Amino acid sequence: MLNMDELNQNYIKDRKRQLLAIGFLILVAGIYMATILMKNGEEPQKVTELFFADRMTPAHEELIARYNAENSGKVRVIPVDFPNFDFSTNERKELLARSLRGRETGIDILAVDLIWVQRFAKWSEPLEQYFSDEEIGRILPVALESCYYEGELMAVPFDLVQGVLYYRTDLVGSMKNSAELINKLESGITWEELLAWQRYADQSKPYYIFPAASFEGFICTFTELLLSQNPRYFTDYGFDFNTSEARRSLHFLTDLIHTYKATPTKVADFTDLPSFEYFLLNDAYFVRGWPTYDKDFVDSPIDTNRQKLIRKVMMPHFRGSTPASVFGGWNLMVSKFSSKKAEAIDFIKFLLRTESQELMYSRAGYYPVIGDLYTDPGYQSRYPELKENLKKIGFGVHRPRHEEYTKYSEIMSAWFTEAVQGKVPVEKALINASSAIRSEALEKKNGY
């Protein structure tokens, strides 16, 4: 039961998000009106203004400043920011979709979660004609996989991430047989082994944290468990989760909380960043996250001292299964309603330069999508961990590419969060999610 202070805080937080959303739509509408006025005015626009929507890290800001300096007097990129603390990925998706659905010209380039490409394709410009085979060939094939819709290149990758396990070096180092545990963590550990070491941990501290709120990040965690058992799961079963693999995956996540007591029940309220914050401030041993976390708080750290004591390794896997970690990241799309497509493509090609990708990696932590950075001796010398990152990428898996995936994911996360909260049995959550997805698919097929 929330007390009055918590209710007030939640109201203020929700109200802030509503105002930010309204502000974003007003910004887009203002840009649109300004464009119309400039077209109808006597004075031609001397500098082409490109509006680029993404979460603006310091790396983004530096790249935009560099591009604007290179193109001074000709093109100016104007960022449209989606701060992590103010917009969830779902809120960001809906705001962008609402803007494009209205055929507004306010956004020229948009960074989309790689699972959104199918949904945004109808509002975006096909890109194949703008890129040579050589330019496409420089991009990591695993990063390009998510950029196609019905055989057409609708996006290009900007950055790449995948699920990783963070651990506190000081806490793990103080455990019995810590050298053996660290060796297993660094070489690839099973869930069974990780849980076996829990008996050596300080029982007053949380052991393993993962985000289990009803959102896409929770589905990433579930999908890693699912695809580690069967990499062809979605090819074999589609979105039917009444299977032994799905039951084992969701049972494991609920057991972490209710059986093994490795995870506190409050993770059912956590999205990605709150889970990382809780991991640090409550001295937890492990957390499931993305490789950018140790860069996300450089300018406004959660806790500087604790942040110096964390390390990233591959996600655990079930004994007898294949290691798997879900790919995330952001792809770039060009609005088909933009009147500045040539300039938009030029900026995208700038972002795909090797030096731009290096800056995104060094300052923001995103994996480069250009293969040269992983093989060039100079970059390997500057960033020796790139070799290990490339090894991690080899175990990366994609979520299914489906036009309705985001709707299906919302259904899955709603039911699966109910399961980890103990409100419904695992089997019922899986059956209900499968049934709701079938109904959604049937309604679309029948045109409802």
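C147 counts as buried, with 0% relative accessibility (buried means under 20% relative accessible area, exposed over 50% and partly exposed in between, using a 1.4 Å probe and protein chains only). C220 counts as buried too, at 2% relative accessibility. This is a predicted model, in which local features need pLDDT of at least 70 and side-chain atom pairs count only at pLDDT 80 or more, while totals for chains, interfaces and linings use all residues. Residues are numbered from 1 along each chain as its sequence is written, and side-chain values use heavy atoms, with hydrogens and water left out.

**Cysteines**
- A disulfide is a covalent bond between the sulfur atoms of two cysteines.
- With the cut-off set at a pair of cysteine sulfur atoms within 2.5 Å, the count comes to zero disulfides.

- R399 sits in the loop between β12 (396–397) and α21 (405–420); helices (H or I, at least four residues) and strands (E, at least two) are DSSP runs, numbered from the N terminus.
- R399 is buried, because its relative accessible area is 4%.
- Leaving aside neighbours within four places in sequence, R399 is in contact (heavy atoms within 4.5 Å) with residues including D113, E216, C220, F327 and Y405.

**Salt bridges**
- Counting a side-chain nitrogen of Lys or Arg within 4 Å of a carboxyl oxygen of Asp or Glu, the model has 29 salt bridges.
- E62 pairs with R363 in a salt bridge, their closest N and O atoms being 2.7 Å apart.
- This pair links distant parts of the chain, as E62 lies in helix α2 (residues 58–70) and R363 in helix α17 (residues 354–364), 301 residues apart.
- E62 is partly exposed at 26% relative accessible area, and R363 is partly exposed at 38%.
- E192 and R248 meet through their side chains in a salt bridge of 3.7 Å, N to O.
- Here, too, distant parts of the chain are linked: E192 belongs to helix α9 (residues 191–196) and R248 to helix α12 (residues 244–258), 56 residues apart.
- K184 forms a salt bridge with E193, with the closest N and O atoms 3.1 Å apart.
- A network of salt bridges links R168, D170, D283, D303 and R306.
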